[in-house]
Amino acid sequence: MASAANKKFLAISGGVGGAKLVLGLSRCLATGQLSIVANTGDDFRHHGLHISPDLDTVMYTLAALNDTERGWGLASESWNFLAALETLGGETWFRLGDRDLATHIQRSQLLAEGHTLSQVTRRLCQQLGVQYPLWPMSDDEVSTVVHTGEGALPFQHYFVRRQCEPAVTGFEFAGIDAARPQPDFMAQLASSDLSGVIICPSNPFVSVDPILGLPGVRQALRECKAPVIAVSPIVAGMAIKGPAAKMMAELGVPVTALAVAQHYQGVIDCFVVDESDAKLAASIEQLGMTVAVSSTIMKTLAEREALASAIIELAESAR
Ligand code: FO1
């Protein structure tokens with residue numbers, strides 16, 4: 001633990017890409033120094049269960065239970081439920097592993113008993129030994145809808161069922177105007193002892209925008225005393241993981257870290273680009289933010305820790 005106990009950081013995360021940096025941050029910051037808010041726009045009901053993919057990806061990663069190859073779900077998973085469901089002619093396009101299923105059943109049960117998603121997430125995290133507060137972006141329902149050339153698709157139907165194949169034309173976050181941001185998240189943004197907000201290298205359109213689009217969040221980030229630092233999910237014109245680059249191309253946005261910085265303009269103070277994009281630094285600085293160049297690909301745990309540590313130092317120097 002390199003850091004003094006008075007430093008507090010808030011990570012804004014989607015699923016797989018965000019969880020990698022969250023893990024790095026957790027290796028540099030003690031309990032009480034790091035909180036995480038995760039996207040729930042990907043949440044949906046499936047087989048009557050409430051599935052929260054991004055919360056679970058972060059939770060399993062912090063509990064060291066995640067499948068590192070697949071990027072989602074649990075390691076050492078078995079698939080008997082799915083095989084049995086297939087035999088019965090049920091829907092198997094969204095793969096729920098046997099052990100993962102327990103999470104969705106327990107979450108759904110607790111929600112049905114009247115607990116909020118924040119309370120349920122806290123309970124699940126406690127049971128799995130996760131030491132850091134992990135908050136859903138809201139306890140209210142927000143559902144990402146992907147507009148495509150083939151019509152509007154609920155997020156998981158676009159992402160998993162259709163494998164991101166239809167060309168996107170835009171996004172909608174159903175329910176967002178009436179949704180209240182998670183209260184601890186907003187209190188953290190307003191807190192005077194916050195040292196930095198870190199927007200993880202998650203998909204800007206479908207993982208980060210649902211969080212930023214909640215009523216009052218952009219304003220709270222602008223007013224936040226701590227530096228707001230985003231890490232580019234686009235490296236050398238490609239997305240590290242997932243459909244971000246494909247979406248940008250389809251939306252007519254150049255597939256560059258500069259375009260991501262433009263997307264976050266007015267909200268962030270500092271943008272972290274990969275070494276391979278160092279040449280973009282001057283153009284990004286013209287947007288009114290500082291630029292840091294680092295190795296951002298995070299293949300190994302050591303690389304996740306190194307990026308996390310660089311961001312923590314950056315926040316210190318930006319204060
Ligand atoms: N992603 C897939 O690509 N295929 C799946 O079958 C799948 C199942 C799944 C089950 C539980 C869960 O928590 C996540 C799951 N994911 C799956 C990942 C997930 O849907 C996406 O990665 C996120 O929504 C995007 O962040």
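So, the largest nonpolar core: 53 residues belong to it, and the ones that touch the most other members are Val197, Ile199, Leu221, Tyr264, Ile268 and Phe271. By nonpolar core I mean a set of buried Ala, Val, Leu, Ile, Met, Phe, Trp, Tyr and Cys residues joined through side-chain atoms within 4.5 Å. And buried means under 20% relative accessible area, while exposed is over 50% and partly exposed sits in between, with a 1.4 Å probe and protein chains only. Helix H8, residues 204-212, gives this core its largest share, five residues. There's also a second, separate core of 40 residues, with Val22, Ile36, Cys200 and Met298 among them.

Quick word on where this comes from: it's a predicted model, where local features need pLDDT of at least 70 and side-chain atom pairs count only at pLDDT 80 or more, though totals for chains, interfaces and linings use all residues. Residues are numbered from 1 along each chain as its sequence is written, and side-chain values use heavy atoms, leaving out hydrogens and water.

Back to Ile199. Leaving aside residues up to four places away in sequence, Ile199 touches Ile12, Val208, Leu212, Val228, Ile229, Ala230, Val231, Tyr264 and Ile268. A contact here is heavy atoms within 4.5 Å.

Next up, Gln188, which is in helix H7, residues 183-190. Helices (H or I, at least four residues) and strands (E, at least two) are DSSP runs, numbered from the N terminus. Is Gln188 buried or exposed? It counts as buried, because its relative accessibility is 10%. Skipping residues up to four places away in sequence, Gln188 touches Lys8, Leu10, Ser35, Trp135 and Leu194. Take Leu10: Gln188 is 178 residues from Leu10 in sequence, yet their C-alpha atoms are 7.5 Å apart in space.

Now the ligand. It has 13 residues around it, the closest being Asp42, Asp54, Phe94, Arg95 and Gln156; to count, a residue needs a heavy atom within 4 Å. Asp42 has a polar side-chain atom 2.8 Å from a ligand oxygen atom, and Asp54 has a polar side-chain atom 2.8 Å from a ligand oxygen atom too. For Trp72, a polar side-chain atom lies 3.2 Å from a nitrogen atom of the ligand. On its own the ligand has 530 Å² of accessible area, and the protein covers 90% of that; the areas come from the Shrake-Rupley method with a 1.4 Å probe.

Note on methods:
A polar contact is a pair of N or O atoms within 3.5 Å; within protein, one must be able to donate a hydrogen and the other to accept it, and residues adjacent in sequence count only if both atoms are side-chain atoms.
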